[in-house]
Amino acid sequence: MSFFFELLSSKIGFSRIGRISLSKERKIYFNTPNIIIPIKNTLMKQINFIQEFERHDLFQISKEIFLKIGFLREKFKDTGFIFSNIGTLDKFKELLDQNLDVFLKDNIIPIIPFNIPTTSLSKDFAECEIKNHLIKVEKVFCKYPDFNYGLSIKIFEYSELLDIYISFIKKHKNIKILNLVDVFDNLSNYRGILNTIIKIKKELDNNLVIMVSGRIIPKMYPLMIYLGVDLIDTSYLLYLSAENFYDTIEYLLPIYKIKYLPCSCVACKGELENLIDKKYSSKKIDLLCLHNLISANNYMNKIKQYLNYEDFRAFIEKSTLDDTNLISILKVLDRDYFDLIRYETPIVQKNKEVRCLGPSSYYRPDFQEFRERMVKNFKPESWTSLIILLPCSAKKPYSLSKSHKLFHSILRKFSDFPNFQEIVLTSPLGAVPRQLENIYPVNSYDISVTGDWNTEEIKISADTLIKILEKYDKNIPILCHLEKGYKKIAQRAELSLPHKFVFSEIYGKPTSKESLESLEQLIIKYKNKFTPKEGIYQESYITKTWIRKFIKILDYQFGLDSGIKVISNQLRPIKIESDGKINLIDLENNEKLGYFSFSTGQICLSIIGFSRLIKRPFSISSNLIVFDGIKVIGNTLFRKGLFEFGFELIPNSYVAITDIEKKEIIGIGRLIVGSNFMQNSKSGRIAKIIQKR
Amino acid sequence: MISNRPLAIKNKIIRQDTLKRKKPLDIDQLKQPVSFWIKEDRLLNEIGKEFTIILRTKGCSWALGENGGCTMCGYINDANIEPVSPSLIKSQFDFAFDNKIDKIKNDKEKYILKIFNSGSFFDDNEIPKSIREYIFERTLDIKNINEIVVESRIEFLNSEKLIEMRNELGNKYVEIAIGIETVDDYIRNHYINKGFLLDDFKKVLNRCKEHNLGVKAYLLFKPPFINEQIAIEDCSNSIRSLIKLGVNSISINPLNIQKGTFVEYLWYQKRYRPPWFYSLFKCLRNSINQHDLKKVRILSDPSGAGTKRGIHNCLKRECENSARTILKNFVLNQDIRKLDEQIYTCECKKIYQLKKWFN
């Protein structure tokens, strides 16, 4: 049989939602990420096991008896099966030979095993074994070239040995699943683990399904999915059950330690409680197997729920908090591999509260992306004569908070208010110009605020602030209406900048009457200290609050000066209440340039809007992809239809689609994947088509 | 065979380390064999007794050589390392033989004489020709001794020596035991470090047959780097192949952890677990039927059985005793049905089934 993988959606990090299709005709497919439940005689004898898992998507079978057609076609006809064995490759070949018709017609995916050696002496030893193994595997491919396979990969803790597999995998296009057998066996080798994952992502087709087996416990699942794992083999839980371990997810406890069963699954509600103290009991082991598998399944469902509908990254951080190795993996991934992961992580998440849990959140990829992109693409307004630094607020966007309304009540007393550049200091996003308060993640994040900031937070915010303020003329005064940790940020920035920092007096809190008066007095004193080179009329459309926002949001999304290119005339923003959008209509010619969405904080440009942004001759950039044709049809652009693309494309960003000759923009798309996927894959969905010419 | 493979290098280092720490043997120790005993055993066609003598010689040339020997074998620890004079070897043999000969002569049972030197009987550096002739001569006269078995690596099995043995031992049934360990060349040479190919074994097998000598093949059950399932498959495959080749006896030796060996090094690091009895029984059931047992004798007398260094299940006394008894009954009676006898049903079978994947 043939099967293939489709990426449906990129999520944060390398995590993704996909689908493995086993039969187009019968419409049998299952979603990833997913766990693989082992089928064993001992489990099949338990009626509760069958009841619990009869509707599960994917099972693993290793014995020939389960290949019998009756069993597969009657009981589990709409289910997927992974077939592998723990024996020799010769035995595997023999089983393939004897059951060819089953493999050809049914919903079974054969995974070529790699079971010996069970351990390695040295890198040389491992290298020799891998090469020898692949010679034997080659024979399987030659004998059955029409099958699609999974390939088991063992690297014996030497991540550099993955190179031996790379050319082999590239040569054999019918390898569809990579089964990483021992990559996660030793979590303390976290750099090796990351090297392996990164290499797979960088050098191999991203449509390959990543499966993991070996010594894996549910606690590791969230991080594995974050690393791009699609399928997880749960067989190890049976081994742990045989060792009398009870999994609570947070901990793997010997059963004798359990005094209060924290689960109400069918096993725990049944006899398990009565058998805890029984030293030798095969019934107890049966029930432990059942509980551990149910527990893993429930956890996977939770993961899928959060992956789809919540801020998955916060869940990852929480789940790794009490394991030093998992923390290390996350840390190293954030710091050392950001340049790769930024092109895998969607630029926005819609409608999600993004919780910052502490230091583990500071360098999450969407936050790093925001800080870097904002600094790179933010250009000071030419008419700015005063900079005002303000503290952030719990309510987002800041303008809707009580505190900021009070700040605005002071600022807006001044008719030249548009000349003031407000910058909001916040952890861990750093420093946010007012114009960007509606974009992701500024519009969604939440963090514990006590007034105390740690050194890292101050550093991140100060560094970001410095980079923004460096863009301004050094003679522009900077008014700081800040206290406590916020004040420390400004004081730290002051040390590195030639600008004049002036601090207001805070009486009690920044929103007290006296504090606001102090701010007002400072504004009066300093607002005319600097005369910008390019003045601007107060009545100019471009000083209107929302216009200023749209211009800077467009710069943020599409690069410096994008805003002014698109919004070159007067703009009439029309808010559509029910949709949570604002249409951007050019007043002069009534053209719809696009719309702003409150849920994402992004502007979706129309073809007209994009035409103002990108002029002929079109060149490859982060805003443009070239279609392999003249006209786009349908709602989805696939990889095969992609002719040319840039290397800085990020999922969920908007791009213009041009025809193959780059003569005109023929559509607007919203990317499903980033440039890394496009580069390394020959198939799959690339973008949702929003508008066609 | 190549001696610069990582396994051979490590194996050699461990071997040399062990030998360095070995204390030299004194003359009194060299006058007596390592061990000798009489016990019940399976003869070719009936139950009888074995008389086993383990001679102390210089030691296996393979273990003392460049490659460090087989990865699981620690018998070199019993050897002298330095040459042992023919007279001392003669003393050893006489010591054991004279000790038991009366009992043997007066016994109604038939005997198999097993002369082991934890090396090669036909290696002149271990047992010179004169001593071999002496042993043959003394053995020939004992009527109760119907069968004789000696061990040797294949490089010492030339026609001359085989003819000599055949001629000296009259009508007695003679078997040459060869440690083939597995029919898989890769496993044999890369994991056991044996140093010869299946084709080499086949040539020697034919040579022995030409000279009317039987061959007993030793199979190693669960070599290092192998999991339980592959152990079953490998051994099953080996048994079937050897039956087809026409060997006379197959002795299945579950690996036991001997001191100073490469396997012990892995075992200490929890990277190797000796096999379960359940796996051995499964292997036997998979590969042999009662009809096969008319053509070939299947033997298994594991060392250290029921202990953590040897083949074992859960180490519970009743479970281990039961398994040993089942195996012994099968071997003595050459009856496959004995493997299904339920002397004791242990809970550990479930544990075995679940842990097999990761052992």
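Q: Let us start where the chains meet. How many residues of chain B are in contact with chain A?
A: In this predicted model, 27 residues of chain B are in contact with 37 residues of chain A.

Q: And what area is buried there?
A: About 3,000 Å² is buried between chain B and chain A, and carbon and sulfur atoms give 67% of that area.

Q: Which residues of chain B lose the most area to chain A?
A: They are Leu354(B), Trp357(B) and Phe358(B), which together account for 27% of what the side of chain B buries.

Q: What about charged pairs: how many salt bridges cross the interface of chain B and chain A?
A: The rule finds two salt bridges across that interface. Lys355(B) forms a salt bridge with Glu243(A), and their closest N and O atoms are 2.2 Å apart. Between chain B and chain A there are also 11 residue pairs in polar contact.

Q: Which elements of chain B give two or more residues to that side?
A: Those elements of chain B are α1 (6–20), α7 (185–191), α9 (228–245), α10 and α13 (348–355). The largest share comes from α13(B), with five residues.

Q: How do the residues on that side divide into nonpolar, polar and charged?
A: On the side of chain B that touches chain A, 14 residues are nonpolar, four are polar and nine are charged.

Q: Could we look at one residue from α10? Where is Phe262(B), and what is it in contact with?
A: Phe262(B) is in helix α10 of chain B, which covers residues 262–268. Leaving aside neighbours within four places in sequence, Phe262(B) is in contact with Leu121(A) in chain A, and with Leu7(B), Lys10(B), Asn11(B), Ile14(B), Thr71(B) and Phe225(B) in chain B.

Q: Is Phe262(B) buried or exposed?
A: Phe262(B) counts as buried because its relative accessibility is 1%, and the cut-off for buried is under 20%.

Q: Changing topic: what is the span of helix α18 of chain A?
A: Helix α18 of chain A has 13 residues, 365–377, so at 1.5 Å a residue it should span 18 Å. The C-alpha atoms at its ends are 17 Å apart, which agrees with that expectation.

Q: How many of its residues are buried?
A: In α18(A), 11 of the 13 residues are buried, so the helix is largely enclosed by the rest of the structure. Among the buried residues are Phe367(A), Phe370(A), Met374(A) and Val375(A), as well as Glu369(A) and Arg373(A).

Q: Now a loop, please. Where does Thr600(A) lie?
A: Thr600(A) lies in the loop between β23 (592–597) and β24 (603–605) of chain A. Thr600(A) is buried, with a relative accessible area of 2%. A polar atom of the side chain of Thr600(A) lies 3.1 Å from the backbone nitrogen of Gln602(A).

Q: What else is Thr600(A) in contact with?
A: Beyond neighbours within four places in sequence, its contacts are Val348(A), Lys350(A), Ile439(A), Tyr440(A), Asn443(A) and Arg670(A).

Q: Back to salt bridges. How many are there over all chains?
A: The count comes to 62 salt bridges over all chains. In one of them, Arg693(A) forms a salt bridge with Glu664(A), the closest N and O atoms being 3.6 Å apart. This pair links distant parts of the chain, 29 residues apart.

Q: Is Arg693(A) buried or exposed?
A: Arg693(A) counts as exposed, at 52% relative accessibility, while Glu664(A) is partly exposed, at 32%.

Q: What does the salt bridge of Lys114(B) and Asp41(B) tie together?
A: The side chains of Lys114(B) and Asp41(B) meet at 2.8 Å, N to O. Lys114(B) lies in strand β3 and Asp41(B) in strand β1 of chain B, so the pair ties together parts that are 73 residues apart in sequence. Both Lys114(B) and Asp41(B) are buried.

Q: And Arg138(B) with Asp94(B): which helices are they in?
A: Their side chains meet in a salt bridge of 2.8 Å, N to O. Arg138(B) lies in helix α5 and Asp94(B) in helix α4 of chain B, so this pair ties together parts that are 44 residues apart in sequence. Arg138(B) is partly exposed, with a relative accessible area of 23%, whereas Asp94(B) counts as buried at 13%.

Note on methods: Residues are numbered from 1 along each chain as its sequence is written. Chains are lettered from A and ligands numbered from 1 in the order in which they are written. This is a predicted model: local features need pLDDT of at least 70, side-chain atom pairs count only at pLDDT 80 or more; totals for chains, interfaces and linings use all residues. Side-chain values use heavy atoms; hydrogens and water are left out. Helices (H or I, at least four residues) and strands (E, at least two) are DSSP runs, numbered from the N terminus. The expected span of a helix is 1.5 Å times one less than its number of residues. Buried means under 20% relative accessible area, exposed over 50%, partly exposed in between (1.4 Å probe, protein chains only). Contact means heavy atoms within 4.5 Å. Buried area is the accessible area (1.4 Å probe) that two parts lose on being put together, summed over both. A salt bridge is a side-chain nitrogen of Lys or Arg within 4 Å of a carboxyl oxygen of Asp or Glu. A polar contact is a pair of N or O atoms within 3.5 Å; within protein, one must be able to donate a hydrogen and the other to accept it, and residues adjacent in sequence count only if both atoms are side-chain atoms. Ala, Val, Leu, Ile, Met, Phe, Trp, Tyr, Cys and Pro count as nonpolar, Asp, Glu, Lys and Arg as charged, and the others, Gly among them, as polar.
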